[in-house]
Amino acid sequence: MASDNRPLSPHLQIYKPQFTSVLSILHRITGVALALGTLLLVYWLMAAAAGPDRFAQAQGLIGSIVGRLLLFGWSFALFYHLLNGIRHLFWDAGKGFELKTAFISGWLVVAGAVLFTLIAWILAYSVMGGV
Amino acid sequence: MADKGGLRSPLARASGLGPAKNGVGHWWAQRVTAVALVPLVIWFVASIVLLSNCSYERFTAWIGSPLPAVLTILLIVATFHHAQLGLQVVIEDYVHREGTKLAGIVLVKLAAFALGTAAVFSVLKIAFGG
């Protein structure tokens, strides 16, 4: 086919990753991860509806080392997606497109996600009497 | 837009749906659910953190009381609607075989309905003391 000779735009791996583009794909990755994470939420709610034994089983699973690591990752993904989603809503309103603003808001999102994740976990451990 | 000499038919222009065939409905629903999820997620995470490792009785008493039950159900509905809209776009962007793409999207939509229903039912069962 003649169209095979048409010039292609460069593939994604040609471009040097930039802070803003990394944050952009991270929004998508965290979104997919959170969608998978809903499986755990549904399992947890169903366990609670099934009765005390099932709930204790679910709490044990979520409270295990692996469960806590997953939950830690998901909590960061949640805060990141939440804050970056708010950043997207500002863009949807036509605000914050200047390069400098986009970088500042990007750093605010990353810093906020780390901060909120740490606060949530410190609070959770203090509620459990661990801190 | 002054699209008088465009290639699109008058009907296509009037319906305003564009090549994706669903116009701004998808985009708009994604934003509306996003806005709803901001307060709901913050409320839910804060509540769950404060209920860390609590007893079965305390958790079911909390989630079964009217306000938390209603807010949790709203959270579930908004979450699964938002998630299936987002996953649909991800599939449309990366899966290019028409059959696989369609199957993926159908699977995502059905799974969202099933999981959402299971979660809402669980909350109602706890709330009505099942």
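**Entry 1: chain A overall**

How many helices and strands make up the secondary structure of chain A? I looked this up and found four helices and zero strands, where helices (H or I, at least four residues) and strands (E, at least two) are DSSP runs numbered from the N terminus. The elements of chain A run α-α-α-α from the N terminus on. I note that this is a predicted model, in which local features need pLDDT of at least 70 and side-chain atom pairs count only at pLDDT 80 or more, whereas totals for chains, interfaces and linings use all residues. Residues are numbered from 1 along each chain as its sequence is written, and chains are lettered from A and ligands numbered from 1 in the order in which they are written.

I then checked the radius of gyration of chain A, which is 20 Å, well over the 14 Å that the globule rule gives for 131 residues, so chain A is more spread out than a compact globule. This radius is taken over C-alpha atoms, and the globule rule is 2.2 Å times the number of residues to the power 0.38. Along the principal axes, the C-alpha atoms of chain A fill a box of roughly 65 × 40 × 25 Å. Of the 131 residues in chain A, 20% are buried (20 or more other C-beta atoms within 10 Å of the residue's own; exposed means 12 or fewer, partly exposed in between, with C-beta atoms placed from the backbone).

**Entry 2: where chain A meets chain B**

I found 27 residues of chain A in contact with 27 residues of chain B; contact requires C-beta atoms, placed from the backbone, within 7 Å. On the chain A side, α1 (19-50), α2 (52-63), α3 and α4 (99-127) each give two or more residues. The largest share, eleven residues, comes from α1(A).

**Entry 3: helix α2 of chain B**

I compared the length of α2(B), residues 25-50, with expectation: its 26 residues should span 38 Å, and its end C-alpha atoms are 37 Å apart, which agrees. The expected span is 1.5 Å times one less than the number of residues. The helix bends by about 35° at B:Leu37, and B:Pro39 follows within four residues; the bend is the angle between axes fitted to the seven residues ending there and the seven starting there. B:Leu37 is also one of the buried residues of α2(B), with B:Thr33, B:Ala34 and B:Phe44. Their cover includes α3 (65-92) of chain A and α4 (66-94) of chain B.

**Entry 4: B:Ala127**

I located B:Ala127 in helix α5 (residues 98-127) of chain B. B:Ala127 is partly exposed, with 19 other C-beta atoms within 10 Å. Leaving aside neighbours within four places in sequence, B:Ala127 is in contact with B:Gly64 and B:Ala69.

Methods. Contact = placed C-beta atoms within 7 Å.
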